[in-house]
Every structure is written in C-alpha cells, then in structure tokens.
Amino acid sequence: MKSFSIAAALLAATATAAPAAIKRQADFSPDGNYFPLSNGFPNPSPDQILKIQKQAFGTLPNGPPPPSISDDTKTSLKLIALNELFEVAFFTELLYNVTNKVHGYDIGYGHDYVLHALSAIIAQEELHALNANGALKNFGEEPIQPCKYTFPVTDFPAAIGLAATFTDVVLGTLQDVQFDAANNKDAGIVRSVGSVIGQEGEQEGFFRLILKKNPSALPFLTTSVRDFAFTAIQGFTIPGSCPNINTIPLQTFGALTVLTNPVEPKTQNLEFSISKSQLNSTKYDDFSVVYINQQNLPVVKAIQNPHWKHDTLVFEAGFPFDEFEMNGLTIAAVVEGKGPFATADDVAKVAKFGPGLIEIN
Ligand SMILES: *[C@@H]1O[C@H](CO)[C@@H](O)[C@H](O)[C@H]1NC(C)=O
Ligand SMILES: *[C@@H]1O[C@H](CO)[C@@H](O)[C@H](O)[C@H]1NC(C)=O
C-alpha cells in the first residue's frame with residue numbers, strides 16, 4: 001500500500017504546515033512577472049521542447065491538425081491557452097515555494113513525492129499551452145501571451161485547495177469546449193480535448209488526496225461555461241497586464257464573492273456580496289442566484305435580505321444541499337430574471353455576476 005503511506009505522510013504534513021497570515025512579496029515573481037521561464041517557455045526552442053517533453057513523460061501530439069476549424073473553436077483554443085499559461089505560472093511558483101521551503105511550504109516527509117509530481121504537472125501544462133497556441137498559429141491566429149499574476153495563497157494547503165478549485169473549473173469548462181466543438185462540427189479537436197480532461201482529472205485526484213478528500217468527487221462532474229472560466233482566470237491576473245486578452249471574444253462578469261466560508265455540507269442560506277461599482281446603477285430587484293452543480297438542471301433561488309455594507313451589496317440565498325446532494329464544485333451566478341434554465345449556457349446568457357466557486361467534500 002505505497003499510496004496509502006504517501007497519503008499518510010502528506011496528510012501529516014499538511015496538518016502541521018504553518019499558516020502564513022500576511023501575503024508577502026513572492027520571491028519567485030517580482031511584480032507579478034513569471035515569464036519567460038528558464039526553459040524558454042512560453043517560446044521554447046526545439047531543443048527546449050525536447051527537454052519539456054522528457055519532464056512531462058510524453059510528447060506533443062505529432063499528427064496533422066484538422067484542415068480547418070470554426071471561429072468559435074479558435075475562441076476555445078484561445079481560452080485554453082490563457083488558462084494553461086496561468087496554470088504554468090501557478091505551479092512553477094508552487095514548485096519554487098516547496099523546493100525552497102518558503103514559510104508555509106515546508107511539508108516535511110511528503111516533500112520529494114510532491115516535488116516530483118509538480119515537476120511533471122508543470123511540463124504537462126506547458127505542453128497543453130504550446131499545443132493550443134501552436135494550433136492557433138497554424139490557423140493564422142495570434143498566440144495568446146501570458147499576463148502578470150498574483151495568487152491569493154501563502155501556504156501549501158491553501159495553494160493545493162486553490163489548485164483543486166481551478167482544476168474543477170477547467171474540468172467543467174472543457175465539457176463546454178467539447179459541446180461547442182460538436183455543435184460547430186469540429187470533431188477534429190474532441191479527442192485531444194478529451195485526453196486533457198482525463199489528464200486534469202488525474203491531477204485533481206492528487207490534489208484531493210493531499211486535502212484528505214476522496215480522490216473522486218462526484219459521479220458526474222460539474223459542468224461550466226467558457227465565460228465563467230474566462231472571468232475566473234482574470235481574478236488571478238494583474239489588471240491591464242494581459243497583452244492580447246482582448247482577442248478572446250468571451251464575456252467577463254462582475255465579481256461574485258461567496259462570504260460563507262467554509263460551506264458545510266447541509267441545506268442552509270449562503271451569504272454573498274457584489275460591489276456597488278460593478279452594479280452601476282442597476283436595480284437588483286429582478287436578480288436571482290443560480291447554482292450549477294453536476295449535470296443537473298441549474299437551481300434558481302431568490303435573493304434574500306439584501307443590504308448595503310460599505311461599498312458592497314450583501315445578500316443571502318438558499319442553498320439546497322440535501323435535495324440535490326450538492327458535493328464537489330458548485331458554480332454560483334447572479335442572473336437577471338428567475339429562469340427556469342435548461343442548461344448552464346442559458347444561465348451564462350443572462351448572468352451579471354459570477355462565478356462564485358463553492359467546494360464541498
Ligand atoms: C509562494 O509563496 C509566496 C510567499 O508566501 C506567495 O506570495 C505566493 O502566492 C506563493 N505561490 C503559490 C503558487 O503558492
Ligand atoms: C455595469 O457596466 C458595465 C460596463 O458597461 C457592464 O459590462 C456591466 O454588465 C454592468 N453591470 C450590470 C450589473 O448591469
């Protein structure tokens with residue numbers, strides 16, 4: 001039972017890692033600059049790509065690309081590139097923090113196993129990014145360039161918790177990418193996107209093991225929509241630092257903060273907030289909260305007890321955990337109207353704020 005002893009070691013380590021209260025300047029990324037990496041990424045030479053492939057234990061797909069793809073699928077590839085660049089920045093800094101036992105990242109006995117796993121994850125994410133940007137170039141589009149980033153974590157458990165959450169968003173969003181490709185008759189990308197979904201799912205199982213959770217969260221993973229991922233990624237970028245994010249024709253919603261933390265696995269009211277400035281002068285009487293979880297119909301709940309607190313509107317909405325067994329990732333959104341909604345896409349069409357990301361179990 002090798003995996004069990006590794007898990008036990010990791011778990012012991014996460015329990016004792018000291019929480020760091022104050023966000024300090026990261027040594028690895030002065031002023032939010034992460035790129036280029038020492039291996040040339042995001043523009044490695046052919047020799048550097050060979051080294052990345054060794055570190056990733058595998059290669060870029062070497063078959064010919066499809067003869068053509070739709071504009072909408074180009075949008076999906078741009079989003080994938082934007083996301084993978086952000087993930088490479090995150091995991092590269094995480095590896096640096098663990099390697100250097102930065103305060104909050106001295107994980108003790110599980111150290112070598114985690115370093116080994118992170119090193120593979122980084123190179124695999126680099127190849128995902130190079131694959132998406134390579135396809136964009138092939139179809140005459142500008143490759144997506146990295147942004148400057150800032151991550152709201154200062155210890156190992158919080159970093160892994162964040163990785164598990166954004167990976168869950170990716171696992172939901174790649175479902176949307178496949179659905180859109182099917183709609184656009186772009187069968188040529190479905191297989192490779194499917195291979196990445198499985199790959200990210202393997203990573204998710206590793207993160208969940210570290211967090212002392214069941215490796216597999218749900219029978220049917222929560223779906224998402226590209227616009228939600230697009231908005232969520234921008235939560236980690238320094239505003240104005242993304243050189244060509246404007247070439248990605250997706251929606252950015254206002255920020256929705258889930259104030260209830262942690263969210264316990266029970267039926268309850270959750271508290272949320274949105275900022276007055278993003279509300280503009282819009283009336284909120286007609287707004288509802290919608291939850292997207294698993295492959296179920298979106299759940300619509302009324303806004304309760306809205307009140308102003310400084311520059312934010314704070315409100316509650318029922319969270320029917322018991323009725324729908326709402327484990328894993330739930331995506332919350334504030335929408336105009338009351339639905340009902342048949343799909344997550346229908347929610348995104350009228351969403352104003354979101355995604356609020358809730359993780360249970
Ligand atoms: C690495 O550690 C620094 C310093 O605590 C922190 O600011 C940064 O967010 C950490 N990065 C990751 C990915 O954990
Ligand atoms: C507030 O204004 C911005 C910019 O015009 C717009 O994108 C956003 O949807 C507005 N917010 C609401 C809640 O209507």
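Student: Is the crossing of helix 3 and helix 5 left-handed or right-handed?
Tutor: The crossing of helix 3 and helix 5 is left-handed. A crossing is left-handed if the near helix is turned anticlockwise from the far one by less than a right angle, and right-handed if clockwise. Helices (H or I, at least four residues) and strands (E, at least two) are DSSP runs, numbered from the N terminus.

Student: What should I know about the model before we continue?
Tutor: This is a predicted model, in which local features need pLDDT of at least 70 and side-chain atom pairs count only at pLDDT 80 or more, while totals for chains, interfaces and linings use all residues. Residues are numbered from 1 along each chain as its sequence is written, chains are lettered from A and ligands numbered from 1 in the order in which they are written, and side-chain values use heavy atoms, with hydrogens and water left out.

Student: What pLDDT does the chain average?
Tutor: pLDDT is the predictor's confidence in each residue, from 0 to 100. The chain averages 93, and 93% of the residues score at least 70. Over residues 1-22, however, the pLDDT is below 50, and this stretch has 28 contacts in the model beyond near neighbours in sequence. Contact means heavy atoms within 4.5 Å. Where pLDDT is low, the predicted coordinates should not be read in detail.

Student: At what angle do helix 3 and helix 5 pack?
Tutor: Two packed helices are described by the angle between their axes and the distance between the axes. Axes are lines fitted to C-alpha atoms, for helices over the stretch in contact, and angles run from 0 to 180 degrees between N-to-C directions. Helix 3 (residues 71-99) and helix 5 pack at about 165 degrees, with axes 11 Å apart. Helix 3 is therefore roughly antiparallel to helix 5; angles under 35 degrees count as roughly parallel, over 145 as roughly antiparallel, 65 to 115 as roughly perpendicular and the rest as oblique. Among the contact residues are Phe86, Phe90 and Phe91 of helix 3, and Phe156, Phe166 and Val170 of helix 5. By class, this contact of helix 3 with helix 5 has 17 nonpolar, four polar and three charged residues. Ala, Val, Leu, Ile, Met, Phe, Trp, Tyr, Cys and Pro count as nonpolar, Asp, Glu, Lys and Arg as charged, and the others, Gly among them, as polar.

Student: How do helix 5 and helix 6 cross?
Tutor: The axes of helix 5 (residues 156-183) and helix 6 (residues 190-210) come within 9 Å and cross at roughly 160 degrees, and the two helices are therefore roughly antiparallel. Helix 5 passes helix 6 in a left-handed crossing. Their contact has 15 nonpolar, five polar and three charged residues.

Student: How many bridges join strand 3 and strand 4?
Tutor: Strand 3 (residues 287-293) and strand 4 (residues 299-302) pair in the antiparallel sense over four bridges. Ser288 stands opposite Ala302, and Tyr291 stands opposite Val299. The two strands form a hairpin with five residues between them, and Gln294 in the turn has a positive phi of about 55 degrees.

Student: Where is the cis peptide bond of Pro42?
Tutor: A cis peptide bond joins Phe41 and Pro42, with omega about 15 degrees. Pro42 lies in the loop between helix 1 (2-16) and helix 2 (46-56).

Definitions and conventions
Pairing = 2+ DSSP bridges.
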